[in-house]
Amino acid sequence: MGESEQDGHLERQGSVESYEQARGPTYNIPKVSARTLVGAASTANIGALEWGAQGLLAYGSNCSVVVLDTRNIQPVQTLEKHKHPVQKICWEPGSIQGKTAGLFLASADSQGHIIVWDVQQGKAAGILQEGSKAILDMAWVKGNNGVYFLAALHQPCSLIIWDTSSKAKLWKKNYNETLLSFSLDPFNNSKLAFLCQDCILFVDDFTVSKAPASNGRRFFISQGIGGQASGGHNSNEKKSGGEGLRKLVKDLVIGEVKPKSEDVPTGGNSDCLQLCYHRSLRHHLLLLFPKELLILDLHINQTVCVVPLERTAAPFLQVVSSRQRDVIFCLHEYGSIGVKTRKRNLSSSRLSLDLSNLSQEGFQTQTEPEMIYDQRCHSEAVRLTKSSKVLGMAIDPQSECRAALILTNGKVIFLDLGYTPVQMGTSNCLSNLIEPYYSQKEMFNEGNLKLQITGLLHSISGSLQAIRMCPALTTRNWQEYQPIMAGGTESGCVQIYNMATGILEKELVIHSYPVRGIEWTGLKSFLSFAFSTPGSSGMVRNELLLSDVATGGCTCIRTDVVDEPPIDTLKVSPLKQYFVLSLKFSTFELWDLRNMCILRTMPKKFPLVTALEWSPIHNLKALRRKMAHQEEKEQEDTQVLSPTAAEQTRIGESSSEKSLIAREHFVFTDTDSQLFHFSVDGNVMKDGIKIPPETGVSGVTCIAFKNDLIVQGDSDGLLNIWDLKARSSRNVHTSRGWVKKMRFAPGKGNLRLLLLYNDGVDIIDLKKAHYERIAQLKSPRDIVKVSDIDWAASDKPVLATQDGCLRVMDISLTHCSSPMAEYSFENPIYCPSLLTPHALLTLRTSLATNLCTIDQLDNLRGLTDLEAQGLKDQIAQLSDTECDSFRQKSYCKRALAAAKYFGSDEEVDLWTVADYYINVYKRTGVMERSPSLDSPGSTLDTNRTNAHPDIEPLDTCFDLICDNYSFQKLQLERAAFHESKRGDYEHTKKVIERLILLGQTDRAVQLLLETELENPAYYTDAIKACLVSTIQSTGAAQSTIKLVATNLIANGNIGEGVQLLCLIGKGLDACRYLTSYALWERAAWLAKSVLPQGEMAEVLKKWAEHLGANGNRMQAALVFLSLGRFTQCAELLVSKGLPAQAWILLAACKEGGLTVEPPRGLFEELSQLFEGNQRLLTLFSPD
């Protein structure tokens, strides 16, 4: 094959393609790029995974970071630079403006290195380090200017904020506790909680700009002094009889002194697996233990729900709180996932919480409010081997109904939540599967809710013992060529990898022992041998198999052999006519590969083989010329024959071509380093010359033969280079020690040689018989220990390392990853964020405005050819459900579908809220405005009704943005729930304050009168009870109380003063005082809970203006939407650089019959943003 070999890399770029165009049909030759195929992970990677909003999943596998396309379940990038196990991964959130291109994520290892990656380019954008301590946790934090900064928790107690763009440290804060992890409050970006070894540390003054001034507040978990109280329990247990599951309440006790040992639960925080904030309920914290999940209410510092482990379930491992609905995903040790939903309280449209029926002991059992999580479904456990464990779970942040599991054996399992039958890629959302907590309607769905496995991605299993690339790309096989490599594992499997796509295509379980060697016999078949570990006798049982890749079938060869020396060498001739099998310290056998029969077994006196290689030189070309000459000579006779005879002649010619036998040659060395030459012609084997060893050559360990060069490597690291054409030889000392293996790169004239040593690899170039070292790697300094080598293409060496990975390197041995644009994929990557900012903006706006149909999207004007092709690839992967969502008539619905498609959390919230309130204000006919602030006789609105029960309400995750009825109902339920859990006096005091603010004065008086005589506050509470029960509505009484309240607030007793103002119906004044002390959220809570619509709107309007002035413009926009102030919302969107979203909002209002004035500068911003796109400019035209 020497004459027919071509450079595979060059053929992919030019020669083959021009040949294709000349012949007609076009064949796509996959391109092999530098990349890493990962194997099994380690337990050090536990928790190192995250599902990004753009649809890509990243996880750590030993020292590598792997990025997967979750829709097509294919690897799209592998990032290599860490030298230690990756322990944390965090995707950088995308910007809603989409002005910058790129996908970035941060990964941290056990030695404190943080690498920020440009995933598209496959390279590090920055490296951050503060000492060599492990990174315990990471999170991206948004600054006031919309830029994200990286918060990293360094062992043991340091929190650092990094500016990843400048690679600078903004600030560092050292705490007095040993910290384990942290969680940011999703409802308040100034709060975070740390999990410590023996306590929980809360920080309330967190900002990106400067380090917190305080050291936080420590809380210890202790047994509740209130005795037994009901905890969360499974509804099935309650129905089965008895009083249900009752747990000792665990309180959070503040203080600098740790509670007594008898008050601390067994294990304390030492067995706490995870701490995280509840993402759909404000002021709630989740604490996960192996056998229970605690939900703590931070307002009362007490456990309000205990989710116990089912009796037959494996211990908890991880918990994820969803945002769209109050749903919790619980991962168990055996890989099963439980989906738990909060039990809804279905009641009439009027608030009817009777707080007066509470006895001194709290609620009666039959009416006691409880936070209960029911098990809706549970996935099947994953079959794990003894050495396999679950590394973690990730939930799709956009749909929240897809999950991924990472196992230590390298497998990635995808699960979909839905109603049976569950199908992958249906693009469901959790909000479409489960109704809101306060919804008056039950969702109708056919079938049962299930979490089922819908996808599986395999990886390299075990440590690779041997690898071999399929025959090289040539001008004869390029039409059917696929760059596949076979790898043999220690478990006896042979895996087939596509080196262009990085996919494990097949796994053949064929051997009983570790695979020791593989040799291809064609593009679709290979020989492999395996044997057990030799014993004291040195004898083993060898297995030699011929396997077919297409069918998976295998044929056993040498079946009559019992114990013998292990197979040392297996070599197939270049023309695939013969193969040589050599046994260690024994003779070798010559086999006919076509007929699968042995041609010759060498006698015992034959020299022992130490290294052997076939010659690429053969006489096949001369034989073909001779046959062609004979065909021309017989052509005249063929023409005078009948058609039947001519056909028989052609059949005979075809069979003679197949039976053509060429003479091939091989060389080998013996234990004395003598070089022997033999030729094989048919069943005749002839010996040739014998060359004595060169001076200085030790025992030869391997041979490489290409063109006219024979290279021998010995045990001392010396290379002996024979130039047959020049009849000369020379020695080169590599100074690397034992040369274990050598392989020439494929391609005609390509004399790059890859050498494997005990401590690394070299690439040398022997062009013109000159020795030139191109690249070098040493292990463990540069890379993990290399176990085998080969070439995937003419310039792409492949290294099999002991960590179970296959690394396709560049020719300089510096990179084993490439830009995503250079990779070949089985399917186009599903990730709209890969589009350029211009194409992304055009597509997003076209989908939301219904500028054109789905079929016309790939014909959008104003795009380059590259942008148009990327757009086509993304559109082609839209599911039927997604296409239907883009065809909806409502502007808000289409914009919401586009926001989910592009993974924009802020826009999802924007259009969810806009859709709800446009529907609400469309029914009222006019948008309500606040009345005169001097209107007399204002009272608190403490008993609201649901004015729109047929409209699905916003769920609890929107908190202060929810409608007035749902928010007040939530607060009243919470107050009743807090009372049922009350224990000590401080807890009762908080409940009393909340009841007074909510207008529940009768129950507040009862609790005040329950104060014990021994309590120092008995007298104060008694007087307060008299005051609350005898409040007069006369002007003089109100003036007196208002004066006292004002004095209390002025002296720092803000809470007491606010309570007095609420008692006399001066809630608006109370809110004004709160805002004057910068207590904006408390003022907004009070206004949303009890103030009449007009007064509430005035308070929230000022709060929105405060948010906008402090850089939180998206939150301010949501507040304005809830007030029906759509013009102010549009102004904020324009100021944030989102004029297209502002226009869509105005169009949605117009669609709903609401007249809204466009903000100033809107159309100028649109003209500048979409300059050159005439269709969009025409749509946005004010005319």
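Which residues in α23 are buried?

1. The model discussed here is predicted. In helix α23, the buried residues are Pro 1139, Ala 1140, Gln 1141, Ala 1142, Trp 1143, Ile 1144, Leu 1145, Leu 1146, Ala 1147, Ala 1148 and Cys 1149. That makes 11 of the 13 residues of α23, so the helix is largely enclosed by the rest of the structure.

2. The length of α23 can be checked. The helix covers residues 1139-1151, and at 1.5 Å a residue its 13 residues should span 18 Å. The C-alpha atoms at its ends are 18 Å apart, which agrees. As background, an α-helix has 3.6 residues a turn, so residues three or four places apart point the same way. After α23 comes Gly 1153, which has a positive phi, near 85 degrees.

3. Next, an open sheet. Four strands make it up, in the order β27-β28-β29-β30, and their pairing is antiparallel. At its edges are β27 (390-395) and β30 (449-457), each of which pairs on one side only. From one strand to the next, the twist averages 25 degrees.

4. β28 (residues 402-407) and β29 (residues 412-419) are joined in the antiparallel sense by five bridges. Arg 402 has Asp 416, in β29, as its bridge partner. In general, strands of a sheet pair through backbone hydrogen bonds, either parallel or antiparallel.

5. Strand β47 (residues 675-681) has a partner in β46 and another in β48. Six bridges link β47 to β46 (residues 664-669), and the two run antiparallel. Phe 668 is placed opposite Phe 676 in β47. Six bridges also link β47 to β48 (residues 684-691), again in an antiparallel arrangement. Here Asp 681 has Val 684, in β48, as its bridge partner. Five of the seven residues of β47 are buried, so this strand is largely enclosed by the rest of the structure.

6. The turns on either side of β47 deserve a look. How many residues lie between β46 and β47 in their hairpin? There are five, and Ser 673 in that turn has a positive phi of about 65 degrees. The hairpin of β47 and β48 has two residues between the strands, and Gly 682 there has a positive phi near 70 degrees.

7. Turning to charged side chains, the count of salt bridges is 40. The general idea is that side chains of opposite charge can pair when their charged atoms come close. Arg 558 takes part in a salt bridge with Glu 564, at 2.9 Å from N to O. Arg 558 also forms a salt bridge with Glu 589, where the closest N and O atoms are 3.1 Å apart. Glu 589 is in strand β43 (residues 588-592), while Arg 558 is in the loop between β39 (554-557) and β40 (563-564), so this pair ties together parts that are 31 residues apart in sequence. Arg 558 and Glu 564 are buried, and Glu 589 is buried as well.

8. A salt bridge also connects two helices. The side chains of Glu 979 and Arg 1003 meet at 2.4 Å, N to O. Glu 979 belongs to α12 (residues 964-980) and Arg 1003 to α14 (residues 1001-1009), so the pair ties together parts that are 24 residues apart in sequence. Are Glu 979 and Arg 1003 buried or exposed? Both are buried. Elsewhere, a network of salt bridges links Arg 736, Asp 759, Asp 762 and Arg 773.

9. Ser 794 sits in the loop between β57 (786-793) and β58 (796-801). Its relative accessibility is 2%, and the cut-off for buried is under 20%, so Ser 794 counts as buried. Ser 794 and Leu 473 are 321 residues apart in sequence, yet their C-alpha atoms are 9.4 Å apart in space.

10. The last point concerns the surface. Leu 1013, Tyr 1018, Tyr 1019 and Ile 1023 make a nonpolar surface patch of about 460 Å². Of these, Tyr 1019 is found in helix α15 (residues 1018-1029). The relative accessible area of Tyr 1019 is 60%, and exposed means over 50%, so this residue is exposed.

How values were computed: Residues are numbered from 1 along each chain as its sequence is written. This is a predicted model: local features need pLDDT of at least 70, side-chain atom pairs count only at pLDDT 80 or more; totals for chains, interfaces and linings use all residues. Side-chain values use heavy atoms; hydrogens and water are left out. The expected span of a helix is 1.5 Å times one less than its number of residues. Buried means under 20% relative accessible area, exposed over 50%, partly exposed in between (1.4 Å probe, protein chains only). Two strands pair if DSSP finds at least two bridges between them. Axes are lines fitted to C-alpha atoms, for helices over the stretch in contact, and angles run from 0 to 180 degrees between N-to-C directions. Patches are made of residues with over 30% relative accessible area and no salt bridge: like charges are joined within 9 Å, nonpolar side chains (Val, Leu, Ile, Met, Phe, Trp, Tyr) within 5 Å. Accessible areas come from the Shrake-Rupley method with a 1.4 Å probe; for residues, only the protein chains shown count as cover. A salt bridge is a side-chain nitrogen of Lys or Arg within 4 Å of a carboxyl oxygen of Asp or Glu.
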